[in-house]
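Dear colleague,

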Amino acid sequence: MKRSRDTNALISIGIVGLIILFGAPQTLDLFEIISLTTAVSLAILALSLGLIWGFGGILCFGQTAFFGIGAYAYAIAALNFGGSTSAIVLAILVAAAAAAILGYFMFYGRLSDVYLAVITLTVTLILYSVIRRTSGPEYKIGIAKLGGFNGINVPPINYPWDANQFLFPEQVFYVAMVSLLGAYFLCVWLTKSHFGRVCISIRENEIRSELLGYDIRLYKLGMFTVGGAIAGLAGVMFANSIGRITPDVYNLYNAALAIIWVIIGGRGTLIGPILGALVLFYLTSFLGRQAVVNINFFLGLVLIIFVLVVPKGIVPSLVQLWDRRRSRRMTARSAKRIRRRGRSRFKEATFEE
Amino acid sequence: MDLFAALALQIIYGIANLVLISIGLAVIFGMMRVINLAHGEFLMLGGYTVIVSTNSGVNIWVAMLILAPLVVGLIGLIVEWVLIRFLYGRMVDTLLATWGLSLLFIGLITTIFGAQTATTISPPFGAISIGEFSSSGYEVFLIFVAIILVLLVYLLLRYTKLGLVARGTMQAADMAAALGISTQRVYSMTFGIGSALSGLAGGLLAPITGVLPTIGAIYIGKAFITVISGGTAILAGTASASILLGGVNGIVSFIIGPTMGEVALLLLAIVLLRLMPQGITGRFFKRSL
């Protein structure tokens, strides 16, 4: 029963994804396609945080660090290699390696939630201030100048192993959307695999999982590394949709934004964070255009309200609401049936929730 | 020799700076095990209090030493009353809610004052000279303020009734409550005092750094790692972590440059936490304040 509903949900998500993948370039104009590509790349970032926070129980406040590292690594590698094919792979590997190294210190030091959150946030902020100061010509990797707060111009993606054939914005959108769908179903598979189940059990109860013989440090590190790799992929797509990567990816605002997507969408689901990112992307760009109240004020308010009032996030709350209504309808129906059969026999039975 | 003295002064100032920006956070974290992510914005609000009040004719000393802690302390009390008290025992939610608060303050101040630097005020001391080097007199003043502040907090915790109650609550909240102490009151006092200390620090640093709505982000990274590396003992933790991190930061900054100094500070903190996950005071000076 539960399983079939999960499968149905997955199938419908896949269908909607395919519709957007093929439909959007036909119906939207160029500017909208580019901004949708940006939104999709942010959704991949949200997915990575949703995976490690919702399923690994790892409270990472600095997921944008790996996002930014992926974007920078891609830009630097693509400039140096003169092509994007191996740069993409390298960028994902660099982001994963960064996550693995940081994760080693945190998980093998057995830092608790709060410490972990603060350390990851601090890493992001320090990256921000360090990269901002690299504007001098002496700061370069290969031929790529880091460019300080001006950032790096990112060479666009090209056809695999053909550096002269750049992709058009529509084609970049296809790549980004396919990446999102691929990453989503990878995450779904991961959470249903043995590895994912162990991670979920660690989230639920660390001590019990450890007593069952699992090395929780290793599992957390694995989860964190996968999250870092997906965030790196998101960074590559983001750099391509914007065409420029600046240190602002590491700032406090973006770090908060990633958390807010997951909170709004819902921890413990994978589609929730994606929807959260997409909705908030359009909402913030809409609200950013009005000049009455600064956008931070609005975001802060949303975060506080969700923590206090809807701590589960929208998607799990909706599912819960749906279930409750359905079960109420079912009990009402069965109560009616029983009443028809004869009241006397079931007099004492109550069907209240 | 002069170079050495000037360098030593710089390093000591770096340490004092860390103490100033993190002591408010340390008080709240040590007492309540709550990391206040809006800490940077409390510093920022302290800075704005000083700027606004000096611009409207208040004496700068009154603004920095009295108004800034008072205003921010009050804001802290209100925040505790409206938000934090609903989240005791839910550490992750507290983190998230205070982060929301941080964004809220940034947005509010940007809406009121604009995103640019507000009119800055000049430090009320001239330069002092050490042989052929000169140093800012205001930095020397801040070093003294940091020392006095640590002493004050020590005296408050060690020798007053309030301090006794606070330490009791910190060690065993249940027991304190059983003995008839309202831990709720203690927590809200603590949050107020921590906020006031942050406001004071923000006000004192405003003449050096200027104020921006987003200036909190500059402070919080350093403040967080100082407090976390220090551990839960308020004073011993802050002091030992500030000395260690500030010292390393100062030396590396002198040899390579300020950017690398910050990186070194962070790397040291991460390695430190790998070795001592409970912070310095989780292993050493365990029974200290």
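In chain B, 49% of the 289 residues count as buried, a residue being buried if 20 or more other C-beta atoms, placed from the backbone, lie within 10 Å of its own, exposed if 12 or fewer, and partly exposed in between. The corresponding share for the 353 residues of chain A is 45%.

The model is predicted: local features need pLDDT of at least 70 and side-chain atom pairs count only at pLDDT 80 or more, while totals for chains, interfaces and linings use all residues. Residues are numbered from 1 along each chain as its sequence is written, with chains lettered from A and ligands numbered from 1 in the order in which they are written.

Chain B has twelve helices and two strands; these are DSSP runs numbered from the N terminus (helices H or I, at least four residues; strands E, at least two). Along the sequence, their order is α-α-α-α-β-β-α-α-α-α-α-α-α-α. The radius of gyration of chain B is 19 Å, which agrees with the value near 19 Å that a compact globule of 289 residues would have; the radius is taken over C-alpha atoms, and the globule rule is 2.2 Å times the number of residues to the power 0.38. Taken along the principal axes, the C-alpha atoms of chain B fill a box of roughly 60 × 45 × 35 Å.

Within chain B, helix H5 (residues 137–159) packs against helix H6 (residues 161–171) at an angle of about 80°, and their axes are 5 Å apart. Axes are lines fitted to C-alpha atoms, for helices over the stretch in contact, and angles run from 0 to 180 degrees between N-to-C directions. H5(B) and H6(B) are therefore roughly perpendicular to each other (65 to 115 degrees; under 35 is roughly parallel, over 145 roughly antiparallel, and the rest oblique).

Chain A has 13 helices and six strands. Chain A is divided into domain 1 (2–312) and domain 2 (321–353), with bounds from an automatic or database domain assignment. The C-alpha centres of these two domains of chain A lie 46 Å apart. The C-alpha atoms of chain A fill a box of roughly 90 × 55 × 45 Å along the principal axes.

Between the chains, 33 residues of chain B are in contact with 37 residues of chain A, contact meaning C-beta atoms, placed from the backbone, within 7 Å. On the chain B side, H4(B) gives the largest share, 17 residues.

Yours sincerely

Note on methods: Contact = placed C-beta atoms within 7 Å.
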